[in-house]
Amino acid sequence: NNMMGRIPPKVLKTIKLAEISLKDFTDKAKNDVLDWFSVNPAHWIMLHKVMIAYLKNETITKNQLIKFSERSYLTSNTYIDQAVEKNYFKTIRNKKDKRSIFILPTELTIKTFSEYVDKRAWLYKSIK
């Protein structure tokens with residue numbers, strides 16, 4: 001029962017988008033990989049940077065990733081090490097430069113992330 005009278009179509013669309021966004025967020029929390037990367041924006045940025053580089057067939061080094069995260073070197077380094085421990089990221093030594101380490105997503109992360117972004121595409125497209 002709406003006391004305000006009829007809701008304009010533009011507002012209805014915003015409501016539907018907000019409801020989808022909320023469900024999307026709560027569903028994300030049910031997935032271990034997405035939930036871990038959602039802990040803070042720095043984690044979320046790292047996940048996206050690693051996945052985008054991987055999908056573009058580009059390399060991303062640990063140091064590049066640390067620069068993107070906008071946290072201290074130590075904190076970022078710890079995040080990456082934890083992601084590797086949890087089997088969300090894997091590392092490969094750069095054969096051309098032994099000091100440099102490439103960060104790659106694991107199969108689990110690739111599958112989870114791809115399903116997540118693909119699902120978002122059709123969720124939001126369905127709203128008129």
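Okay, let's start with the overall shape: a compact globule of 128 residues would come in near 14 Å for radius of gyration, but our protein chain has 19 Å. Keep in mind that this is a predicted model. Along the principal axes, the C-alpha atoms fill a box of roughly 65 × 30 × 20 Å.

How far can we trust it? The chain averages a pLDDT of 88, and 96% of the residues score at least 70. Confidence is lowest in helix H1, residues 9-29, with a mean of 87, and highest in S2, at 95.

On to the fold. We've got six helices and two strands, and from the N terminus they go α-α-α-α-α-β-β-α. Of the contacts with a separation of 6 or more, 53% are between residues 24 or more positions apart.

Now, the inside. Buried residues make up 34% of the chain. The largest nonpolar core has 23 residues, and Phe37, Leu65, Phe89 and Ile103 touch the most other members. Elements that each supply at least two core residues include helix H2 (32-37), helix H4 (62-68) and strand S2 (101-105). Which helix gives the most? That's H3, with six residues.

Take a look at leucine 65. Setting aside neighbours within four places in sequence, it's in contact with Met46, Lys49, Val50, Ile60, Ile80, Phe89 and Ile103.

Last one, the surface: the chain exposes about 8900 Å², with carbon and sulfur atoms supplying 59% of it.

Methods:
Residues numbered from 1 in each chain as written. Predicted model: local features only at pLDDT ≥ 70, side-chain atom pairs only at ≥ 80, totals over all residues. Heavy atoms only, no water. Core = buried A, V, L, I, M, F, W, Y, C linked by side-chain atoms within 4.5 Å. Buried < 20%, exposed > 50% of the residue type's maximum accessible area, 1.4 Å probe, protein only. Helix = DSSP H or I, 4+ residues; strand = E, 2+ residues; numbered from the N terminus. Contact = heavy atoms within 4.5 Å. pLDDT = per-residue confidence, 0-100. Rg over C-alpha atoms; globule rule 2.2 N^0.38 Å. Areas by Shrake-Rupley, 256 points an atom, 1.4 Å probe, with all protein chains shown as cover.
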